[in-house]
Amino acid sequence: MSGHDPAVRAAENYRAFAAEAHGRSPQYEELARAVAGDPLVLRFLYRLPAAKRQPNLLFAVARYLLGQPADITSLRTLVRDRGGELAAAMHARRTQTNEPARCATLLPAIAQLPQPVALLEVGASAGLTLLPDRYSYDYNGRRLTGTDKDAPVLACDARGPAPIPAAVPEVCWRAGLDLNPIDVTSDADVRWLECLLWPGETGREERLAAAVEAARRDPPPVYRGDLLTDLPRLADQAPPGVTLVIFHSAVLAYLSMPQRARFATAVAALDAVWLSNEAPGVLPGSAVGADDQRDFVLVRDGGTPLAVTDSHGTWLDWLS
Ligand SMILES: C[S@@+](CC[C@H](N)C(=O)[O-])C[C@H]1O[C@@H](n2cnc3c(N)ncnc32)[C@H](O)[C@@H]1O
C-alpha cells in the first residue's frame with residue numbers, strides 16, 4: 001500500500017481526526033484511532049467518493065442509524081450488516097454542524113458597526129448563528145441580555161482588548177443561504193444536528209436544544225442556494241441605509257482555493273462589511289496569530305484579522 005492508496009489516505013484522515021478530538025471527545029478519539037487500523041471499515045470507506053469518507057460524516061450517520069454514538073464494535077457490525085444503508089445515508093447527508101456559541105465570538109465585531117445591521121450568513125445550516133441579538137452573553141462576568149429572554153446564555157472567555165459592547169446589536173433584517181438548509185422546525189432535521197455533535201463535549205447538546213427552541217419561536221429564513229452564485233441576489237434584498245454584514249463560519253473549507261478566491265471577489269464587490277470566521281489559512285492570508293488548527297481566525301473585509309477564536313465559540317482572543 002502506498003500514500004496514494006485510498007485506504008492509507010482514509011487511515012491518515014482518521015488519525016488526524018483522533019488528534020483533533022483529543023481533549024474534546026475521548027470516545028471519538030478512540031473510535032477514530034480504531035477505524036484507522038480496521039481493514040473492514042477502511043475497505044467500506046474507500047468505496048465511497050473521497051468527499052464522503054470524513055470521520056465527522058461517518059460518525060454522525062452511524063449515530064443517526066444506531067440511535068447512539070458508535071464504538072468500534074457497533075460500527076463494525078453496522079458496516080457488515082447494514083453497509084448499504086450506511087453508504088446511502090452518507091451519500092445523502094452532509095456535515096452541517098451549527099454551533100450557536102460562535103455568535104459570542106462574532107458579537108463584538110458586529111456590535112462595533114453602525115447600527116442597525118442587516119445580517120446575511122452564507123453556509124447558515126439551520127440559521128442558529130443568525131441570531132446574535134436573541135441570545136444572552138456572559139463574557140467573564142460581563143453580562144448582556146438578548147432580545148429573547150428564554151434563549152441560551154452563551155459564556156465566552158474574552159481575552160485581549162476585546163470590545164465587549166454594552167448591548168446586543170440591533171438586527172433589522174436577517175437571511176441565510178445554504179446549499180442544503182436545515183429546517184429548524186423539523187424534528188428529523190434537528191435530530192441530524194444532534195448527531196453531528198461529539199459525545200463528551202460538555203454543554204453542547206443543551207446549548208443546541210435551547211438555541212433550537214429560540215429559533216423555533218421565530219425561525220430565521222435560510223434560503224437554498226450556492227454562496228458562489230446566489231449571494232448578490234440575496235444581498236439585494238437587504239434594506240437600504242443600514243449596515244449589511246455578510247458573514248460565515250466553518251464554511252469556506254468546503255470550497256476549493258479558486259472558489260474561495262471567487263467568493264472573496266464577489267463579496268468585495270458588494271456594499272457590505274464582510275466577517276470571516278474560519279480555520280487559519282482557509283481564507284488566504286488569515287493564518288495570523290493562531291497556533292492551533294482547531295482555532296478560527298475572525299477577519300474583517302478579507303484583510304484585517306480581528307481575533308483568534310475558539311472554533312466552538314467558548315473563547316476569543318482579540319488582537320490589538
Ligand atoms: C459546518 S456548517 C457551519 C454552519 C454555521 N455557519 C455555523 O458556524 O454553525 C457549513 C455549512 O455550509 C454549507 N455550505 C457548504 N458549501 C456551501 C456553498 N457553496 N454554498 C452555500 N452553503 C454551503 C453547508 O451546507 C453547511 O450547512
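Which residues does Leu-128 touch, not counting residues up to four places away in sequence? I started my notebook with that one, and here is what I found.

**Entry 1: ground rules**

I am working with a predicted model, in which local features need pLDDT of at least 70, side-chain atom pairs count only at pLDDT 80 or more, and totals for chains, interfaces and linings use all residues. Residues are numbered from 1 along each chain as its sequence is written, and side-chain values use heavy atoms, with hydrogens and water left out.

**Entry 2: Leu-128**

I looked up the partners of Leu-128 and got Asn-98, Pro-100, Cys-103, Tyr-135, Val-184, Leu-193, Leu-208, Ala-211, Val-212 and Ala-215. Contact here means heavy atoms within 4.5 Å. Leu-128 sits in the loop between E1 and E2. Helices (H or I, at least four residues) and strands (E, at least two) are DSSP runs, numbered from the N terminus.

I then checked the accessibility of Leu-128: its relative accessible area is 0%, so I noted it as buried. For that word I use under 20% relative accessible area, with exposed over 50% and partly exposed in between (1.4 Å probe, protein chains only). Asn-98 is 30 residues from Leu-128 in sequence, and their C-alpha atoms are 6.4 Å apart.

**Entry 3: the whole chain**

I counted 10 helices and 11 strands in the chain. The radius of gyration is 20 Å, close to the 20 Å that the globule rule gives for 320 residues, so the chain is as compact as a globular protein of that length. That radius is taken over C-alpha atoms, and the rule is 2.2 Å times the number of residues to the power 0.38. Along the principal axes, the C-alpha atoms fill a box of roughly 60 × 40 × 35 Å.

Buried residues make up 54% of the 320. I also looked at contacts between residues at least 6 apart in sequence, and 70% of them join residues at least 24 apart. The chain exposes about 13,800 Å², of which carbon and sulfur atoms supply 50%; accessible areas come from the Shrake-Rupley method with a 1.4 Å probe, and for residues only the protein chains shown count as cover.

For charges, I found 32 positive and 38 negative, with mean positions 5 Å apart. Lys and Arg count as positive and Asp and Glu as negative, while His and the chain ends are not counted. Each charge is placed at NZ of Lys, CZ of Arg, CG of Asp or CD of Glu.

**Entry 4: the cores**

Which residues have the most contacts inside the largest nonpolar core? I wrote down Leu-45, Leu-58, Phe-59, Leu-128, Tyr-137 and Tyr-139, in a core of 83 residues. H4 gives the most to this core, with eight residues. A second, separate core of 27 residues includes Ala-118, Leu-120, Leu-177 and Ile-246. By nonpolar core I mean a set of buried Ala, Val, Leu, Ile, Met, Phe, Trp, Tyr and Cys residues joined through side-chain atoms within 4.5 Å.

Leu-65 is in helix H4 (residues 55-66). Leaving aside neighbours within four places in sequence, Leu-65 contacts Leu-78, Arg-82, Glu-85 and Leu-86. From Leu-65 to Leu-128 I read 24 Å, C-alpha to C-alpha, across 63 residues of sequence.

Helix H6 has nine of its 10 residues buried, so it is largely enclosed by the rest of the structure. Among the buried residues of H6 are Arg-102, Cys-103 and Thr-105.

Is Ser-25 buried or exposed? Ser-25 is buried, at a relative accessible area of 0%. I found Ser-25 in the loop between helix H1 (6-21) and helix H2 (26-36), and, not counting residues up to four places away in sequence, Ser-25 touches Trp-198 and Pro-199.

Gln-27 lies in helix H2 and is partly exposed at 34% relative accessibility.

I noted a cis peptide bond between Gln-115 and Pro-116, with omega about -5 degrees. Pro-116 is in the loop between helix H6 (102-111) and strand E1 (117-122).

Asn-140 is not a glycine, yet its phi is positive at about 50 degrees. Asn-140 is in the loop between strand E2 (136-139) and strand E3 (142-144) and is partly exposed, at 48%.
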